[in-house]
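Take a first walk through this structure. Keep the sequence beside the picture as you read.

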Amino acid sequence: MIKDKVIKIKEDGEYNGRPKWKVQTQKNGEYTFFTHFDAKQGDTIEFNVNNEKYKTAKLLQVVSDTFKYDTAQSILRQVAFKGAIQLAEKDILEVDDIEHYTNQFHKLLNAPVK
């Protein structure tokens with residue numbers, strides 16, 4: 001398995017009725033991927049080389065560079081955001097500060113109980 005960043009993606013016609021994609025990676029050069037290629041330029045992907053001579057590869061997965069919260073953390077963030085919105089509604093907090101206070105509330109709600 002190889003992990004690399006996508007630099008460039010170009011549609012490259014079809015092979016046996018399946019779409020082909022030429023994908024330039026940051027460290028490993030260009031490979032041809034067949035069928036659905038759902039990564040975007042800038043994404044990090046994991047793939048296997050099927051044939052080094054013909055530079056064909058199979059996409060295993062797109063590695064998310066963005067952090068995702070689990071359900072419990074997502075609920076905590078929603079509660080924190082709602083609290084910040086309520087403060088902004090009462091003119092206690094500026095609208096521009098909502099993101100900062102949401103993050104602060106989230107840290108407070110997520111703090112271990114002593």
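Predicted model: local features only at pLDDT ≥ 70, side-chain atom pairs only at ≥ 80, totals over all residues.

Residues are numbered from 1 along each chain as its sequence is written, and side-chain values use heavy atoms, with hydrogens and water left out.

Start with the charges. Side chains of opposite charge can pair when their charged atoms come close. The structure holds three salt bridges. A salt bridge here is a side-chain nitrogen of Lys or Arg within 4 Å of a carboxyl oxygen of Asp or Glu.

D12 and K20 form one of them, at 3.5 Å from N to O. D12 is partly exposed, at 23% relative accessible area. The terms have cut-offs: buried is under 20% relative accessible area, exposed is over 50%, and partly exposed is in between (1.4 Å probe, protein chains only). K40 pairs with D43, and their closest N and O atoms are 3.9 Å apart. K40 is exposed at 55%, whereas D43 is buried at 16%. K55 pairs with E52, with 3.2 Å between the closest N and O atoms. E52 is partly exposed at 48%.

Strands are DSSP runs (E, at least two residues), as helices are (H or I, at least four), numbered from the N terminus. K55 is partly exposed, at 28%. Its phi is near 55°, a positive value in a residue other than glycine. Most residues other than glycine have a negative phi. N16 also has a positive phi, about 50°, and is not a glycine. N16 sits in the loop between β1 (2-15) and β2 (18-25). N16 is exposed, at 66%.

Now step into β5 (residues 56-63), where T56 lies. T56 is buried, at 12%. Which residues does T56 contact, leaving aside its neighbours within four places in sequence? They are Y31, T32, F34, N48, V49, N50 and N51. Contact means heavy atoms within 4.5 Å.

D91, E94, D96 and D97 form a negative patch. Patches take residues with over 30% relative accessible area and no salt bridge, and join like charges within 9 Å, or nonpolar side chains (Val, Leu, Ile, Met, Phe, Trp, Tyr) within 5 Å. D97 lies in the loop between α1 (71-89) and α2 (98-110). D97 is partly exposed, at 32%.

Definitions and conventions:
Areas by Shrake-Rupley, 256 points an atom, 1.4 Å probe, with all protein chains shown as cover. Lys, Arg positive; Asp, Glu negative; His and termini not counted. Charge placed at Lys NZ, Arg CZ, Asp CG, Glu CD.
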